Amino acid sequence: MPDQEIPTQEVLIVTGMSGAGRSTVANALEDLDWYVVDNLPPQMLRPLVDLAGRAEGALPRIAAVVDVRGRDFFTDLQQMIQSLRDGTKLRVLFLDATDSALVRRFDAVRRPHPLQGGGTILDGIATERSRLSTIRESSDIVIDTSDLNVHQLANSVADLFAAEGTPGVKLTIMSFGFKYGAPFDADMIADARFLPNPFWVPELRAHTGLDPEVRDYVLGQPGASEFTDAYAAALAPVLDGYQRESKRFATFAIGCTGGKHRSVAIANVIADKLATLPGVAVSVKHRDLGKE
C-alpha cells in the first residue's frame, strides 16, 4: 500500500493592534477548521509548530494569536517569526485600524487599552503602534478593519484562508415530528402537514419516507412538487445572505406529525435541490425516524 501523503503544514500568526478584530479573526479561522491558539507567548510558537509536525497531518493548519497581552514575552515575536520562516509555510496576518476607530471600539466596550497605564486610550494606542511597527512592515498580509463590521472581516478571512473547496455554509436539513417538539436549534421551520399522511394508508404505514413507495406517494400529492420547488427557490437567497453575513452553519427543519413519512421525503428533496447551490454543503438528519 503506498504511503499516504501528509498535508503540508500551514502556520498563521495573527497579530496587530488591540481592538482591530483579533477575536473575530480567531473565530472565523476556527470555523474554517484551523486549529487556533489564542494569546500565545512567542516562545511557545516553536513547541506548538513542532507538536503539530509530529501529529502526522492531524493539525495541517494552525493559527496562533499573539499580541501585547503577552507583555515582555511579546518582544521576542519578530525573532521567532524569522526563525520559523525556515522550513515552515508561515504567514503573518497583521490587523490594523485607525486611531479613531480603535478609540470608538474601546469606548463601546468600556475597557482600557492594555498599554495605556495611567494615561488615555490614545496613549496606549501610540505605544502599541510603536512596538508593532517592525512587525507590521514585515507581515505578509495587512487588513485595515476600520470600516469593516465583524461579518465583513470574517468574510475577508474566509477569502484569504479557506482551504480549496471549503463551503461558505454547512447546512443541515432536518426532518422531525411535531409530536416530539420542534427543534430549538433550527434557523427555519417548514410544515409538511398540508400533505395527506401516509400513516392512514395501511400498506404504507410501516414504511418511512426513505422508502420509494412512501416517497412517491408524498411527492405525488397535489402541491408537493410546487412546495419543494418554491421553498428551495426561496431558501437560495437566504443562503446567499448567510454567506455574505458570515453565518457558516445553518439548520432548516421540515416537520410532520411523527417525523416518519412526509417530513422525511420532503427533507430529502429539499436537500437535493439546495446541494446544487454554490458554496453550500448539505447534510440530512432525520431526527425522529425510528421513534415510533
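Let me begin with a definition: two strands pair if DSSP finds at least two bridges between them, and the strands themselves (E, at least two residues), like the helices (H or I, at least four), are DSSP runs numbered from the N terminus. What you see above is a predicted model, in which local features need pLDDT of at least 70 and side-chain atom pairs count only at pLDDT 80 or more, while totals for chains, interfaces and linings use all residues. Residues are numbered from 1 along each chain as its sequence is written, and side-chain values use heavy atoms, with hydrogens and water left out.

I will start with the sheet of five strands, which is open, is paired in parallel and has the order β2-β3-β1-β4-β5. Its edge strands are β2 (35-37) and β5 (141-144), each of which pairs on one side only. Within this sheet, seven bridges connect β1 (residues 10-16) with β4 (residues 89-96) in the parallel sense, and T15 has F94 of β4 as its bridge partner.

Helix α6 (residues 150-161), in turn, lies across β1, β3, β4 and β5, and runs at about 160° to β5.

The next sheet is also open and parallel, with four strands in the order β7-β8-β6-β9. Here β7 (188-191) and β9 (280-286) stand at the edges with a single partner strand each, so one side of each is left without a neighbour in the sheet. Helix α10 (residues 262-274) packs on this sheet, touching β6 (169-177), β8 and β9, and its direction makes about 165° with that of β6. Between β7 and β8 (residues 249-256), which run parallel, there are four bridges, and M188 has F252 of β8 as its bridge partner.

Finally, a helix pair: the axes of α2 (residues 45-53) and α3 (residues 77-84) come within 10 Å and cross at roughly 30°. The two helices are therefore roughly parallel to each other, a term that covers angles under 35 degrees. The contact is made by L45, R46 and V49 of α2 together with L77, M80, S83 and L84 of α3.

Note on methods
Axes fitted to C-alpha atoms, helices over the stretch in contact; angles between N-to-C directions. Parallel < 35°, antiparallel > 145°, perpendicular 65-115°, else oblique. Contact = heavy atoms within 4.5 Å.
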